[in-house]
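Hello,

Here is the structure I promised to pass on to you. Please open it first, and then read on for my notes.

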Amino acid sequence: MKTLVWVEHDNSAMADATLAAVTAAGKLGEVHLLVAGSGCRAVAEQAAQIAGVGKVHLADNAAYANALAENVAPLVVDLMSHHDAFVAPATSHGKNITPRVAALLDVMQISDILSVEGEKTFTRPTYAGNAIATVESTDAKLVITVRGTAFDKAETTGGSATIEDVSGAGDAGLSSFVGAEIAKNERPELTSAKIIVSGGRALKDSETFQQVIMPLADKLGAGVGASRAAVDAGYVPNDYQVGQTGKIVAPEVYIAIGISGAIQHLAGMKDSKTIIAINKDEDAPIFQVADIGLVGDLFKIVPELTEKL
Amino acid sequence: MKALVPVKRVIDYNVKPRVKADGTGVDLANVKMSMNPFDEIAVEEAIRLKESGAVTEIIAISVGPAKAQETLRTALAMGADSAILVETDDEVEPLAVAKILKAAAAEVQPGLIILGKQAIDDDSNQTGQMLAALMNLPQGTFASKVVVEGDSVTVTREVDGGLETVKLSLPAIVTTDLRLNEPRYASLPNIMKAKKKPLDVKTPADYGVDITPRIKTLKVAEPPVRQAGIKVADVDELVAKLKNMGVA
């Protein structure tokens with residue numbers, strides 16, 4: 001089987017999410033990559049070094065700069081005439097573009113796979129991860145998104161793929177990019193952080209969240225996450241949200257502070273290796289999944305913890 | 001401009017799903033069902049656009065069993081003007097739903113189709129994008145802000161690193177994210193009024209759509225269960241554990 005993997009990038013560097021998708025695609029067969037963007041040759045050169053990659057298709061066109069689905073999907077569909085599977089990381093670009101590709105190919109997409117069980121058989125989470133379905137595609141081609149935390153990252157060196165320029169139709173004339181507000185963040189990215197410190201509604205307000213959570217995260221070199229309740233209450237921006245509809249994370253250590261552990265939050269972090277919970281309510285559901293729990297007042301515990309680490 | 005709002009009847013947000021013992025699916029017998037929360041946000045947004053004058057008429061549509069009429073009545077009670085139920089007891093995959101919606105849209109001729117970004121049962125996150133593809137229309141997915149101006153709509157989207165804004169020509173498809181709005185509760189008088197609003201019942205065959213599934217579900221299982229661990233008495237004990245693990 002010949003697979004085509006979507007390379008996630010910002011036109012200057014490849015994002016880590018790509019590497020899990022490459023691993024998943026490698027289980028299906030030969031791996032080719034697609035780098036679609038503008039002025040993104042450096043990304044293609046980087047991607048060509050990923051171990052196990054056969055070829056990199058580079059589509060460099062101003063219309064692909066911001067990965068608008070209307071422009072990019074027809075390009076992918078063209079390339080799918082000589083590939084058997086399209087595989088994308090389940091990033092916001094991947095989730096936006098992939099179903100558009102699937103429908104144009106008249107294929108039913110398999111979203112967010114957790115494992116490859118056979119040539120056309122996969123597992124995927126449903127009901128916020130409360131039910132794991134094993135599914136088999138009957139379509140001629142496969143269209144898949146990959147949950148990043150479920151697959152090892154492919155090695156970023158060792159490969160020597162050829163780069164082949166491809167052209168597509170460019171601008172479909174349906175949409176245009178206006179702008180982005182991407183938070184500049186010195187901390188590790190949530191989906192690749194080794195340690196995550198996450199805060200919930202108990203943090204009271206934005207200022208308190210900053211004062212309590214950030215020093216601990218700084219001390220541990222951790223990424224910072226939040227529950228939906230904390231994001232909805234405006235303590236932190238939306239991209240901090242961990243959960244069914246936010247980011248899915250699986251760090252070595254996840255420290256949940258003042259988070260009760262709603263189903264939809266657990267769906268986003270229960271695959272973490274070690275979960276530590278600090279909460280004043282000893283009956284909070286978070287303690288049912290926590291490896292280490294500490295019951296008490298977070299406003300006393302967290303500063304003391306930060307101090308003593 | 002008309003707005004078409006697809007809604008799905010799903011397990012209620014607050015119910016913990018249980019996998020059936022025979023591994024064929026999730027047990028939905030005697031389980032509370034509600035409108036998919038993201039679709040509720042879509043209905044609310046359509047109503048707000050109508051209140052601001054950008055939208056003149058709201059048509060809610062659902063593909064599902066007869067009981068999905070209840071979900072449509074909820075949409076009507078919130079403020080939709082009329083509803084269409086495309087009735088089937090079969091499970092309908094996002095691709096087939098998108099095909100049905102395309103056919104329905106050809107009759108309704110909406111300027112905007114606004115729906116939830118994903119349903120909380122199958123968590124597919126596909127229908128809106130697929131519909132946009134089939135209709136060759138632009139898509140504004142994961143919307144946290146929607147502004148209609150003239151013949152275009154500007155959509156602010158929740159993306160991995162923050163927010164992104166795109167401008168789409170109308171007609172367009174918008175899928176909603178959580179922070180777009182807070183849906184209203186239907187008032188009792190409006191619930192009564194909703195009973196009299198028109199609700200058409202059709203079938204997938206009426207729209208000429210083949211809903212045969214493309215994906216076979218071989219097995220549904222509970223995820224591996226995490227065991228509750230230990231509780232520590234104080235910060236010193238926690239620090240000792242963390243140091244043992246090589247953290248800090």
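This is a predicted model: local features need pLDDT of at least 70, side-chain atom pairs count only at pLDDT 80 or more; totals for chains, interfaces and linings use all residues.

Residues are numbered from 1 along each chain as its sequence is written, chains are lettered from A and ligands numbered from 1 in the order in which they are written, and side-chain values use heavy atoms, leaving out hydrogens and water.

**The sheet in chain A**

Chain A has an open sheet of 7 strands with parallel pairing, in the order E5-E9-E4-E1-E2-E3-E10. Helices (H or I, at least four residues) and strands (E, at least two) are DSSP runs numbered from the N terminus, and two strands pair if DSSP finds at least two bridges between them. Strands E5 (110-113) and E10 (162-165) of chain A are at the edges with a single partner strand each, so one side of each has no neighbour in the sheet.

Strands E1 (residues 2-6) and E2 (residues 30-37) of chain A pair in the parallel sense over 5 bridges. There, A:Leu4 stands opposite A:His32 in E2(A).

**Where chains A and B meet**

In chain B, 78 residues are in contact (heavy atoms within 4.5 Å) with 84 residues of chain A. Together the two chains bury about 6700 Å², with 56% of it on carbon and sulfur atoms; buried area is the accessible area (1.4 Å probe) that two parts lose on being put together, summed over both. On the chain B side, B:Asp160, B:Arg214 and B:Arg226 lose the most area to chain A, together 11% of what that side buries.

Across this interface of chain B and chain A there are 7 salt bridges (a side-chain nitrogen of Lys or Arg within 4 Å of a carboxyl oxygen of Asp or Glu). B:Arg214 forms a salt bridge with A:Asp106, with the closest N and O atoms 3.0 Å apart.

Best wishes
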